[in-house]
Amino acid sequence: MSPLGLAGRRVVLWPDNDSPGHKYASVVAALLSLKHDVEAYIVAVPSEWPKGWDLADELPEGVTDADVERMLRDARPLAPSEDGDEVDEWPEWKRGARDRG
């Protein structure tokens, strides 16, 4: 059983709209999927949205709450590699925390 209490659940991740945000979401999704038996999904944030935009920011001009709901419904599962490479690709700032346990 997952110590997170998430085993068997569906979790949707909404990445910041930049390279580190997308990479971090992929790492978290891979960890949840491979280590905690979670169905991890990632929202596809449109590339034309402001760089660095995240869900805590005001919605971009012309985007509605209905658009956000659709994006959540349309989130796609991460397909981690069989050897789990994504799990080992921790963002640099997170490596120290991981190493400390």
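Asp74 is partly exposed, at a relative accessible area of 38% (buried is under 20%, exposed over 50%, and partly exposed in between, with a 1.4 Å probe and protein chains only). Its partner is Arg70: the two form a salt bridge, with the closest N and O atoms 3.8 Å apart (the cut-off is a side-chain nitrogen of Lys or Arg within 4 Å of a carboxyl oxygen of Asp or Glu). Arg70 is likewise partly exposed, with a relative accessible area of 38%. A search of the whole structure turns up one salt bridge.

All of this comes from a predicted model, in which local features need pLDDT of at least 70 and side-chain atom pairs count only at pLDDT 80 or more, while totals for chains, interfaces and linings use all residues. Residues are numbered from 1 along each chain as its sequence is written, and side-chain values use heavy atoms, with hydrogens and water left out.

As for the overall layout, the protein has four helices and three strands (DSSP runs numbered from the N terminus, with H or I over at least four residues for helices and E over at least two for strands). Along the sequence they come in the order β-α-β-α-β-α-α. Of the 101 residues, 34% count as buried. The accessible surface is about 6,800 Å², and carbon and sulfur atoms hold 49% of that (Shrake-Rupley method, 1.4 Å probe; for residues, only the protein chains shown count as cover). Among contacts between residues at least 6 apart in sequence, 76% join residues at least 24 apart (a contact means heavy atoms within 4.5 Å).

Mean pLDDT is 80, and 74% of residues reach 70 or more (pLDDT is the predictor's confidence in each residue, from 0 to 100). Helix 2 scores highest, at 95, and helix 4 (residues 92–100) lowest, at a mean of 41. Over residues 84–101 pLDDT stays under 50, and the model has 19 contacts beyond four places in sequence for that stretch. Where pLDDT is low, the predicted coordinates should not be read in detail.

Now for the tryptophans. The structure has two aromatic pairs (rings of Phe, Tyr and Trp, the latter by its six-membered ring, pair if their centres lie within 6.5 Å; planes under 30 degrees apart are stacked, over 60 edge-to-face, the rest tilted). Trp14 and Trp53 make a tilted pair, 6.0 Å centre to centre with 55 degrees between the planes. This pair links distant parts of the chain, 39 residues apart: Trp14 sits in the loop between strand 1 and helix 1, Trp53 in the loop between strand 2 and helix 2. Trp53 also pairs with Trp49, and here the centres are 4.9 Å apart and the planes at 85 degrees, so the pair is edge-to-face. Trp14, Trp49 and Trp53 form one aromatic cluster. Trp14 is buried at 14% relative accessible area, Trp49 at 10% and Trp53 at 4%.

The loops hold a few other residues worth a look. Asp18, in the loop between strand 1 (10–13) and helix 1 (19–36), is buried yet has no salt bridge; Lys51, the nearest side chain of opposite charge, is 6.6 Å away (Lys and Arg count as positive, Asp and Glu as negative; His and the chain ends are not counted). Leaving aside residues up to four places away in sequence, Asp18 touches Lys51 and Gly52. Ala56 lies in the loop between strand 2 (39–42) and helix 2 (65–73) and is exposed, at 75% relative accessibility.
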